[in-house]
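I opened my notebook for a look at one protein chain. Here is what I looked up, entry by entry.

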Amino acid sequence: MRLQRIAAVFGVAAVLLSGATACTRTPIVAIPSVSQTAGDTPLRVGTPAVPDGGVPLEGELLANVYAAALNAAGLSAVVTPEDAADPTLLSQLESGAVDIMPGYSSTFLEGLKPASPAASSTTSAASSTTMSSAAKEPVSGSQVLDALKKALPPNVSMANATSAEDDDSIVVTTVTAEKYQLKTIADLAKVCDKLVFGGSAEFRTKDRGLSVLASDYNCVPQSYEELASTKSELLLALLRADVQVADIHSSSPAITDNALVVLADTKQVFRPQTVVPVLSSKKVSDDVTGVINKVSAALNNDALTNLNRLSMDSHFGSMSEVATAWLVEVGLIKATS
């Protein structure tokens with residue numbers, strides 16, 4: 001009954017949200033019937049570290065969505081916690097300590113450590129292609145995914161990527177956008193020195209942060225305020241006009257909920273962070289991969305934003321319950337009593 005209650009509440013919420021999940025998804029799709037022998041070790045789904053500035057619970061939520069789908073398919077799956085020492089869990093995938101890891105394409109690519117000279121050459125080539133200066137070579141989401149697929153170690157493979165991303169986004173309020181006629185970061189550069197920027201401490205120092213706005217867009221703000229997104233400090237400062245420009249990630253509900261304007265990154269200076277599951281090739285069968293791919297097909301930008309919105313509301317229960325209710329809502333699994 002608890003699941004039905006959560007699913008019903010989710011359904012009401014979805015109608016209230018713009019781009020409601022229930023109204024935009026394909027008809028119910030039956031998850032393939034797969035079995036697991038009693039006593040088998042459960043499949044372990046890792047929790048990814050969220051990109052700096054992203055919604056804090058997003059990684060835990062993603063892990064629970066994939067685990068809930070596998071459990072609904074007749075498997076036993078458990079979520080393993082985030083590891084600060086190994087945020088991509090790539091080493092644990094290679095060792096077999098983790099079987100499935102939903103994560104972020106550019107973070108995965110940056111975190112790869114080659115195990116052999118041949119792998120080193122492959123990874124180096126991939127990195128030089130995808131991580132070069134945005135001014136010299138723009139990088140698309142598909143380019144990063146292609147490079148990641150080629151650079152993964154032998155025992156790790158990539159399932160189908162989602163169409164959801166968690167990217168750095170330069171945003172302003174509608175008032176600021178109208179005042180300065182802002183649509184792109186290039187437009188912002190013309191008035192950059194008049195405005196105060198806000199964002200995380202890391203955005204100030206990382207190579208694809210404040211510095212690349214200066215080098216590629218000639219955009220140097222009047223000043224920069226280090227503000228936490230976890231407690232809405234950054235959002236509140238933006239809405240109060242204490243800062244006029246902010247780095248708020250694309251999957252944050254704050255953008256749509258407050259009608260913020262995302263300035264187009266026409267030079268593609270920010271690395272795309274496509275949500276994509278990577279797998280232990282030795283442990284994950286084709287049937288299991290098929291279940292994972294069904295989840296990935298349903299997870300787009302609107303769905304990720306709505307999931308993040310629900311994860312912030314304690315009314316909806318645990319991350320596992322929110323994940324299961326979402327799978328019911330999009331028709332991937334059926335509600336049970």
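Does H15 pass H16 in a left-handed or a right-handed crossing? I found a right-handed crossing of H15 and H16 (left-handed would be the near helix turned anticlockwise from the far one by less than a right angle, right-handed clockwise). Helices here are DSSP runs of at least four residues (H or I) and strands of at least two (E), numbered from the N terminus.

Before going on, I noted that this is a predicted model, where local features need pLDDT of at least 70 and side-chain atom pairs count only at 80 or more, while totals for chains, interfaces and linings use all residues. Residues are numbered from 1 along each chain, and side-chain values use heavy atoms, without hydrogens or water.

Next I checked the packing: H15 (301-311) and H16 (319-329) pack at about 145°, axes 10 Å apart (axes are lines fitted to C-alpha atoms over the stretch in contact, with angles from 0 to 180 degrees between N-to-C directions). H15 brings Ala303, Leu307, Leu310 and Ser311 to the contact, and H16 brings Met319, Val322 and Trp326 (contact means heavy atoms within 4.5 Å).

Then I went to serine 200, in the loop between strand E6 (196-199) and helix H10 (201-205). Serine 200 is buried, at 15% relative accessible area (buried is under 20%, exposed over 50%, partly exposed in between, with a 1.4 Å probe and protein chains only). A polar atom of its side chain lies 3.0 Å from the backbone nitrogen of phenylalanine 203. Leaving aside neighbours within four places in sequence, I listed Asp52, Tyr224, Glu226 and Leu227 as contacts of serine 200.

Notes
Polar contact = N/O pair within 3.5 Å; in protein donor to acceptor, adjacent residues only side chain to side chain.
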